[in-house]
Structure formats: C-alpha cells, structure tokens
Amino acid sequence: MPEVISSTIMMVPHEEHSPLQHTGLGEGRLEIICGPMFSGKTEELLRRVRRAQIAHQPTVIFKPATDTRYNKEAVTSHDANALPSVTVANSAEILNYLSSQARPITVIAIDEVQFFDDALPATCMRLADQGIRVIAAGLDLDFTAKPFGCMPELLCLAEEVTKLHAVCMETGRPAHFSHRIAGGENTVEIGEKDRYIPLTRQAFVAARNEENKQ
Ligand code: ADP
Ligand code: MG
C-alpha cells in the first residue's frame, strides 16, 4: 500500500507543463470594474496596474479622448491618484499603438470604457485571446439609469466583474446610480461633483420624481 501512494506522488512533476503554458495564453483575460461616478473605479484600475508594474509586466493605460477632465497624459482618480496614460480616439487606435511597440505589452488597462465605440468589446476579446490581461473600468449606467454604451457586452464577455458603489450623497448608504444635477439631456456630458452625485435607488427615484413635478 505505501508503494502505491509514493508512485502517485511521483506522477505530479509530469503535470507541471500545461498546454496553456506552452502557448503563452495563461495570462490572457478580461476584467471589468464598473459602478457609478465616485465609486472608486479609477482607483481600483490604478491599484491593479501598480501591482502589475511591481511584477515587471509591461503595462499601458489607455483613456478615450472624450474624457477631457484632468491631465491629458494621465489617468487621474477623484483622489488625485494618477499614472501616465495614452489618449486614443477609438478602439482601433489601441490596436495600432500596441502593434507599434517594440516590446510586447502583457497588461493593458482602459479607463472610461463606456465612451468607446462598438468595436471595443471585440478588441478586448482579441487581445485577451492573444494572451493579454485586459482591465477595463467604466460606468455601467448613464445618468438616466440605462446601460451605458458597450458596457453590457463587456460584462458578459469578462471572466471577472467587480461592481463598486459610491457613498450616496442623500443617505450615506452604498450608491448605485449617478444622478445629474446640472447640464443638459445629452448622454455624454463630462463633469464632476458640479454635475453628478451618486445616489441609492430610493434617493435616485425620489430625485427623478421631484424633477418630473417641476
Ligand atoms: P470613479 O473612477 O469611480 O469615478 P475615483 O476612483 O476617481 O472614482 O474616485 C474615488 C474617490 O472619490 C474615493 O476614494 C473618495 O475619496 C472620492 N469621493 C468623493 N465623493 C465620493 C462619494 N460620494 N462616494 C465615494 N467616494 C467619493
Ligand atoms: Mg474614474
């Protein structure tokens, strides 16, 4: 009997090399970070990027040209955490940038992903299939509580989804909605606390009802 056990243990080293390791596809995956404004999406994206950099993994952060807040050459959180980034006009420019790099990039992060074109989910899939770890952060809902841009597709395609909450400005409870307090009716209107506040469902419904009365 003891001989049987020892031969089982001897088998383990033969399984060390999985087919995935041979093809280099082991790290490719799609991670989504979503939630309302001020929920810490950018902070979480920066945290994951910093850890990848500590692991010496070549990393690039992209952001859409639509996001004109803060510095053009950095992704910046509301807490003024920042890392350098590349501004792109669309998802094709992400592919162009990556193919122009001399050394292969293994981790990419994309902030404000809801502002990208419809080709972004396919682009993320293509990169993840090629072995790249893709971390994408963005709003899941627009200010009318409708799913935002390509976010629904990304949520389905991702291996991992992190849904964050802000602090409700009415109740102090976890907030899931971004309520627009100033500005027009366009879906995309860039702004900060002057234009948006995070609210719970109850506070959001109450605010919309109040607006409809006026
Ligand atoms: P997001 O990218 O989701 O808009 P950020 O990561 O840029 O959020 O900023 C998160 C930070 O915003 C928090 O750590 C906190 O310091 C600050 N903050 C300001 N207002 C709020 C709020 N109502 N709820 C949560 N965090 C807030
Ligand atoms: Mg952000």
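The legends below describe close-up views of a predicted model. Local features need pLDDT of at least 70, side-chain atom pairs count only at pLDDT 80 or more, and totals for chains, interfaces and linings use all residues. Residues are numbered from 1 along each chain as its sequence is written, and side-chain values use heavy atoms, with hydrogens and water left out.

**View 1. The shell around ligand 1.** Ligand 1 is surrounded by 16 residues, each with a heavy atom within 4 Å of the ligand. Lys 41, Glu 43, His 78, Asp 79 and Val 167 are the closest. The shell comprises 7 nonpolar, 5 polar and 4 charged residues; Ala, Val, Leu, Ile, Met, Phe, Trp, Tyr, Cys and Pro count as nonpolar, Asp, Glu, Lys and Arg as charged, and the others, Gly among them, as polar. Helix 3 gives the largest share, 3 residues (helices are DSSP runs of H or I with at least four residues, strands runs of E with at least two).

**View 2. Polar atoms beside ligand 1.** An oxygen atom of ligand 1 is 2.7 Å from a side-chain N or O atom of Asp 79. An oxygen atom of the ligand also lies 3.0 Å from a polar backbone atom of Gly 40. At Val 167, a backbone N or O atom is 2.8 Å from a nitrogen atom of ligand 1.

**View 3. An aromatic pair.** The whole structure holds 3 aromatic pairs (ring centres within 6.5 Å). Phe 62 and Tyr 97 form one that is edge-to-face, 5.5 Å centre to centre with 85 degrees between the planes (edge-to-face means over 60 degrees). Phe 62 belongs to strand 2 (residues 59–64) and Tyr 97 to helix 4 (residues 91–99), so the pair ties together parts 35 residues apart in sequence.

Terms used
Chains are lettered from A and ligands numbered from 1 in the order in which they are written. A polar contact is a pair of N or O atoms within 3.5 Å; within protein, one must be able to donate a hydrogen and the other to accept it, and residues adjacent in sequence count only if both atoms are side-chain atoms. Rings of Phe, Tyr and Trp (its six-membered ring) pair if their centres lie within 6.5 Å; planes under 30 degrees apart count as stacked, over 60 as edge-to-face and the rest as tilted.
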